[in-house]
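Subject: A structure for you to explore

Hi there,

Here is the structure I promised to pass on. Please open it next to this email, and then read on for what I found.

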Amino acid sequence: MSDLTHEQLALIEQRRQAALQRLAASNVSVPIGESWRKELGAEFSKSYFTKLASFIALERKRFMVYPVPEQVFSWTHLCAIEKVKVVILGQDPYHRPGQAHGLCFSVEKPCPPPPSLENIYAELAADIKDFKHPGHGDLTGWAKQGVLLLNAVLTVRAHEPSSHAGQGWETFTDAVVHWLSRSLRGLVFLLWGAYAQRKGSIIDRRYHHVLQTSHPSPYSADRGFFGCRHFSKTNDLLRRSGTTLVDWNAI
């Protein structure tokens, strides 16, 4: 029979769990772009992120999780943090095979564009006179131009939308939005749908432009997204501030 008291056993278990969480964090953290690490790296050592990393590690052992670990932070490798000029906020990654790769609304080739992205392309065709449907759904070309395609939640269990909501990703991506709002000037934030608009409430609108409308989902696109002209309006705002325009065709 153990000589340890109940309190001592509880303390040992608490320390064991903390060690497991630290180990999980080191195992699942993938390198992020250096400019992003410089500004946001402190988030990775906070308790909420350690718990999140432990959760993700366990999920990947038990289930298929998207995107693959190497792509969770792909958005940080495509554009330096100080080069961001447009931010589009999404909710969580696509949950079917071959889709999610770390950019909201975007899917990897040769996966066909999902319905929301098809509606985005339809609005682009109506708004930008020379826009042509690219025949794929990979928006990497936008990201390389400084369009941050950021989901609020960065992972998801296969075939279970929103399955990783409420685990800590929202806190991390709030920190991203807060840094951008506080540290840069003249960004254009595109907030499509109530979820993005709630998340965008922390944006300082004295220093940034915010365009809002309904989500491009087939269930809501006709409530304001179609006809919003957010893409030409974005370039108008960038032009006024002397910033390089987004070539929406460059995808």
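Let's start at one residue. Met-64 sits in the loop that links helix α3 (47–62) to strand β1 (65–66). Please keep in mind that this is a predicted model. Which residues does Met-64 touch, once its neighbours within four places in sequence are left aside? They are Val-156, Arg-157 and Ala-158.

Now for the whole chain. It has nine helices and six strands. Its radius of gyration is 20 Å, close to the 18 Å that the globule rule gives for 251 residues, so the chain is as compact as a globular protein of that length. Along the principal axes, the C-alpha atoms fill a box of roughly 80 × 35 × 30 Å. Among contacts with a separation of 6 or more, 67% are between residues 24 or more positions apart.

The accessible surface comes to about 12,600 Å², and carbon and sulfur atoms make up 53% of that. As for charges, the chain has 29 positive and 23 negative ones, and their mean positions lie 4 Å apart.

Next, have a look at the largest nonpolar core, which has 63 residues. Which of them touch the most other members? They are Phe-73, Trp-75, Trp-169, Phe-172 and Leu-180. Helix α7 (residues 169–183) gives the most to this core, with six residues.

Last, find helix α9 (residues 230–240). Its buried residues are His-230, Phe-231, Ser-232, Thr-234, Asn-235, Leu-237 and Leu-238. What covers them? The cover includes strands β2 (86–90), β5 (188–192) and β6 (209–213), along with helices α5 (115–127) and α6 (140–143). Just after α9 comes Gly-242, with a positive phi of about 75 degrees.

Best wishes

Key. Residues are numbered from 1 along each chain as its sequence is written. This is a predicted model: local features need pLDDT of at least 70, side-chain atom pairs count only at pLDDT 80 or more; totals for chains, interfaces and linings use all residues. Side-chain values use heavy atoms; hydrogens and water are left out. A nonpolar core is a set of buried Ala, Val, Leu, Ile, Met, Phe, Trp, Tyr and Cys residues joined through side-chain atoms within 4.5 Å. Buried means under 20% relative accessible area, exposed over 50%, partly exposed in between (1.4 Å probe, protein chains only). Helices (H or I, at least four residues) and strands (E, at least two) are DSSP runs, numbered from the N terminus. The radius of gyration is taken over C-alpha atoms; the globule rule is 2.2 Å times the number of residues to the power 0.38. Contact means heavy atoms within 4.5 Å. Accessible areas come from the Shrake-Rupley method with a 1.4 Å probe; for residues, only the protein chains shown count as cover. Lys and Arg count as positive and Asp and Glu as negative; His and the chain ends are not counted. The place of a charge is taken as NZ of Lys, CZ of Arg, CG of Asp or CD of Glu.
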